[in-house]
Amino acid sequence: MNRIFFPVSPLAAPTSRRLFGIAFLALSLGAAGAALGHGDVTPQEVDTKGLPDLGEAPLMENPFRPGNEHAEYHDLAVEVGERGYGGNCAVCHGIQAMSGGLTPDLRQLEEWDDEFYLERVVKGTERGMPSFRENLDQTAIWAIKSYIESVTP
Ligand code: HEC
């Protein structure tokens with residue numbers, strides 16, 4: 001009867017702030033998903049038919065970029081990449097790679113970030129970027145990069 005009841009324990013404060021952050025992120029992601037007509041982040045297969053198989057050895061540069069090794073496939077890569085981006089990245093990184101501010105804006109990657117881009121997509125990070133190692137091959141990953149470059153002003 002005479003126990004003191006704290007409506008909010010002092011220890012709970014940081015946790016609830018963290019939870020608020022997570023709920024906020026989930027809400028924003030949900031909104032992005034709804035706008036695209038799907039609310040989940042289940043990786044989508046990317047059909048790379050017509051593009052060369054880039055193999056497993058990591059390339060240091062986007063091979064489809066004009067001037068690079070497979071530049072002749074650039075336009076097809078952008079098309080394939082648009083579907084791949086829509087199905088795998090847009091839910092978090094925004095439609096046409098326009099970030100809403102909660103995730104890095106991928107249009108800000110520079111040419112010399114190519115190696116970093118590949119590594120991030122393959123490995124992911126512990127801060128919310130999933131690994132696509134199991135779902136996207138290198139051809140799909142660079143096609144997606146070509147699409148991102150095509151919508152970069
Ligand atoms: C579930 C949400 C989510 C999905 C889906 C997602 N990302 Fe990310 N991505 C993030 C977050 C969050 C970060 C920031 C992670 C960090 O700083 O550790 C990030 C970071 C990155 C980075 C590093 C950018 C920088 O400037 O640091 C790249 C590159 C990237 N994502 C590419 C992609 C691509 C390409 C796809 C689709 C194949 C994708 N991401 C799908 C959430 C996501």
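Mentor: Two residues are in contact if their C-beta atoms, placed from the backbone, lie within 7 Å. Keep that in mind while we look at this model, which is predicted.

Trainee: Okay, the overall layout to start with. How many helices and strands does the chain have?

Mentor: Five helices and zero strands. Along the sequence that reads α-α-α-α-α.

Trainee: What are the angle and the axis distance where α2 and α5 pack?

Mentor: Helix α2 covers residues 74-88 and helix α5 covers residues 138-150. They pack at about 95 degrees, and their axes are 7 Å apart.

Trainee: Why are α2 and α5 called roughly perpendicular?

Mentor: Angles of 65 to 115 degrees count as roughly perpendicular. The angle here is about 95 degrees, and α2 and α5 are therefore roughly perpendicular to each other.

Trainee: Which residues in α2 and α5 meet?

Mentor: On the α2 side, they include His74, Ala77, Val78 and Tyr85. On the α5 side, Trp142, Ile144, Tyr147 and Ile148 are among them. By class, this contact of α2 with α5 has ten nonpolar, five polar and two charged residues.

Trainee: What makes α5 largely enclosed by the rest of the structure?

Mentor: Try the cut-off: a residue is buried if 20 or more other C-beta atoms lie within 10 Å of its own. Eleven of the 13 residues of α5 are buried, so α5 is largely enclosed. Ile141, Trp142, Lys145 and Glu149 are among those buried residues.

Trainee: Which helices do the buried residues of α5 pack against?

Mentor: They pack against α2 and α4. In α2, the buried residues include His74, Val80, Gly84 and Asn88, and the buried residues of α2 pack against α3 and α5.

Trainee: How do you know that the span of α5 agrees with what it should be?

Mentor: The expected span is 1.5 Å times one less than the number of residues. For the 13 residues of α5 that gives 18 Å, and its end C-alpha atoms are 18 Å apart, which agrees. Helix α2, with 15 residues, reaches 20 Å from its first C-alpha to its last, close to the expected 21 Å.

Trainee: Last stop, the ligand. How many residues surround it?

Mentor: There are 19 of them, and the closest are Cys89, Cys92, Thr125, Arg127 and Gly128. The elements that give two or more residues to this shell are α3 (90-93) and α4 (114-123). The shell divides into twelve nonpolar, five polar and two charged residues.

Trainee: What percentage of the chain do buried residues make up?

Mentor: Of the 153 residues in the chain, 25% are buried.

Methods:
Residues are numbered from 1 along each chain as its sequence is written. This is a predicted model: local features need pLDDT of at least 70, side-chain atom pairs count only at pLDDT 80 or more; totals for chains, interfaces and linings use all residues. A residue is near a molecule or strand if its C-beta atom, placed from the backbone, lies within 6 Å of it. Helices (H or I, at least four residues) and strands (E, at least two) are DSSP runs, numbered from the N terminus. Ala, Val, Leu, Ile, Met, Phe, Trp, Tyr, Cys and Pro count as nonpolar, Asp, Glu, Lys and Arg as charged, and the others, Gly among them, as polar. Axes are lines fitted to C-alpha atoms, for helices over the stretch in contact, and angles run from 0 to 180 degrees between N-to-C directions. Angles under 35 degrees count as roughly parallel, over 145 as roughly antiparallel, 65 to 115 as roughly perpendicular and the rest as oblique. A residue is buried if 20 or more other C-beta atoms lie within 10 Å of its own, exposed if 12 or fewer, and partly exposed in between; C-beta atoms are placed from the backbone.
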